Number of protein chains: 2
Amino acid sequence: MAGIKDVAAEAGVSVATVSRVLNSHPSVSEEARARVLAAVEALGYRPNAVARSLRTAQTRTLGLVISDVLNPYFTELARFVEEEARALGYSVIIGNADERPELQDHHIRTLIDRRIDGLLVSPADGGSPLLREVALSGTPMVFADRWIPGIDVPVVRADGTGAVKDLVAHLHRLGHRRLAIIAGPAATTTGNERVEAFRDAMRELGLALPDAHIGQAHFQAASGRRATERFLALPEPPEVVFAADNLMALGALDAIRAHGLRVPDDIALAAFDDIPWFVHTDPPITAIAQPTADLARAAVRALADRIEGRTPQSVTLPARLVVRRSCGGAATDQRSDR
Amino acid sequence: MAGIKDVAAEAGVSVATVSRVLNSHPSVSEEARARVLAAVEALGYRPNAVARSLRTAQTRTLGLVISDVLNPYFTELARFVEEEARALGYSVIIGNADERPELQDHHIRTLIDRRIDGLLVSPADGGSPLLREVALSGTPMVFADRWIPGIDVPVVRADGTGAVKDLVAHLHRLGHRRLAIIAGPAATTTGNERVEAFRDAMRELGLALPDAHIGQAHFQAASGRRATERFLALPEPPEVVFAADNLMALGALDAIRAHGLRVPDDIALAAFDDIPWFVHTDPPITAIAQPTADLARAAVRALADRIEGRTPQSVTLPARLVVRRSCGGAATDQRSDR
DNA sequence: ATCATCCGTGTAATCGATTCCACGGCGTCG
DNA sequence: CGACGCCGTGGAATCGATTACACGGATGAT
């Protein structure tokens, strides 16, 4: 593969001049510029990004560590992150933690070793000492969706409390009183917050949330299924199951179906995170939709601000309730906008 | 950030010795090794992958260019690709083409500029001159799922002809005669092959596939919706719509629903690619399942073989039919294995 | 005792870019 | 007319690793 020296030789100038042309440095004569450009064209020269990064100490690359690629919410987030990053002149390398802290750490390590310019993280756990260390080391970092309290880094996320309150009110109006929630890991902020919002909203309506109605799961389908099975085995099973993410809702649906029960007649279901498939499930699922594209854009911009020396801002955007038929009643069959 | 020189100074040896320890070169004394390791530990030293790559001319990184991250089939593929690559000591950088040839080329360019060791591609179009050029240039490359005829590169894919034949037989048995297909872009192999397999299977049963029953779409939901609308506007609409991928099936479902029709009573639906949601759609969707994990593993192994000087093998694995209720009849409600 | 071999180690070249500094030529200004 | 400054350019240092080569000392064979 042709290097800058070959180009210099072909154009009859020094490598310094070639480099100047490539980086559109002002002091290059029109003639030299033309000759270099011609040589570049003739040789099909492409600058070696590795060498360039070594010298300039920047890679123009962002690392994105998400908790689970198979979760449509995160793939959508990743897609928009890449889109915005590209617009700002950055590439993105995605690391998938699969909700496993040690895999998350592996990816963070690898990304740091590659000297990415900044890190966008949706932590799979709340404890990672590595993450804390990286933040302290001065690596530009921004949390997206989930964050870790005590690590001083901008957070870009959706606030679901309003939407959860709307949901609980909606359920109450439909006559449901025994509500249950499948929670994410207590180590994640989204795991806790959604439970707290749910509990608070219930309390305002004079409803209690017994421990037996809080299922511990891991934001993945299999654990959602198990949590739901435990609910169904209760002497007095809940009338509603609210899954704190879409994959656990899928698991809940699996379990409900395996028990021969129908939604919403026998048991109602709602989920956090709205995805296109929820329109076509049996029945269409009432969900809380996050403004994913806006979140992704805000997160990338915050990170770019931090990298480029500006002051990054934390951003919180509201989520909203999308009512469908899975909780009973007649639904105005809205679609998640896209 | 500490460099190899700092480690050398701390350990009281030369950088060469440090490097030898790090790369477990045999001729280093036990004592020097211990001192270096201690220094590494003390400084929290991590080798700079950029510098290493520049010197060794390898990045231990694979590029994966997929046509659409929002397509669950590809995210699943990506997940398994990363898993296998990690097992073999490689990282993966994903480029999402969004079914747009120019975006695909952008990612390929970027990946090549970064000097990835090999490229795994599921081309969004059949023509990319860049892809041909890259293949010719000697960059290790393997096609996954889709490929480009005329480019001499190993192909790892699923063969759907058997499963499509099973599907058509199944439809025929249920009494359906007017079958339609929503095809992917003619420029993709999967776009064509699936239509051909469908046409052949129909011909064997004495059925014709008129042009009006071939909808042109782009493997994305919106185009699947439009194609379905055209079918429904026909004076004699088809009794079955077979979508050549899962997103177009989603679009078809949208369109059918918008027309107030029911599946399978008014119109039957089947799809290529099986995904977890198909179990829970209304009704559960009959689909053709690919052995995604095996494909991913085989593709990575082929690429690693090529990179490491062994002879890579093309691999073709059979897809299989999973019957559910979306085509009518009583279904043995199988699940896609996972 | 002598010489060849091997082992552990260090010095320095190298990968492919960017960039500081010096230098020659030319225009401008005093 | 001489000095100064600017412009375009090239030489060479640099980024942080790997590795070819050289070297000194120990070991073993003859």
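Before going on, a word about the model. This is a predicted model, where local features need pLDDT of at least 70 and side-chain atom pairs count only at pLDDT 80 or more, while totals for chains, interfaces and linings use all residues. Residues are numbered from 1 along each chain as its sequence is written, chains are lettered from A and ligands numbered from 1 in the order in which they are written, and side-chain values use heavy atoms, with hydrogens and water left out.

Back to DNA strand D. Which atoms of Ser14(A) lie 2.9 Å from a phosphate oxygen here? The answer is a backbone N or O atom. Helices here are DSSP runs (H or I, at least four residues), strands are E runs of at least two, and both are numbered from the N terminus. The largest share, 5 residues, comes from α4(B).

Now please turn to DNA strand C. Of the 25 residues around DNA strand C, Ile4(A), Ser19(A), Asn48(A), Arg55(A) and Arg20(B) come nearest. Among the atoms of DNA strand C that come within 4 Å of the protein, sugar and phosphate account for 56%. The side chain of Thr17(B) has an N or O atom 2.7 Å from a phosphate oxygen of DNA strand C. For Asn23(A) that side-chain distance is 3.1 Å, and for Arg52(A) it is 3.1 Å. Which element gives the largest share of the surface near DNA strand C? It is α4(A), with 5 residues. The residues of this surface divide into 11 nonpolar, 9 polar and 5 charged. In that count, Ala, Val, Leu, Ile, Met, Phe, Trp, Tyr, Cys and Pro are nonpolar, Asp, Glu, Lys and Arg are charged, and the others, Gly among them, are polar.

Last stop: the place where the two chains meet. The contact (heavy atoms within 4.5 Å) takes 53 residues from chain B and 53 residues from chain A. About 4600 Å² is buried between chain B and chain A, with carbon and sulfur atoms giving 58%. Buried area is the accessible area (1.4 Å probe) that two parts lose on being put together, summed over both.

How many salt bridges are there between chain B and chain A? The count is 4, a salt bridge being a side-chain nitrogen of Lys or Arg within 4 Å of a carboxyl oxygen of Asp or Glu. One to look at joins Asp98(B) and Arg79(A), whose closest N and O atoms are 2.8 Å apart. On the side of chain B that touches chain A, α5(B) supplies the largest share, 7 residues. The residues of that side divide into 21 nonpolar, 13 polar and 19 charged.

Conventions:
Near = heavy atom within 4 Å. Polar contact = N/O pair within 3.5 Å; in protein donor to acceptor, adjacent residues only side chain to side chain.
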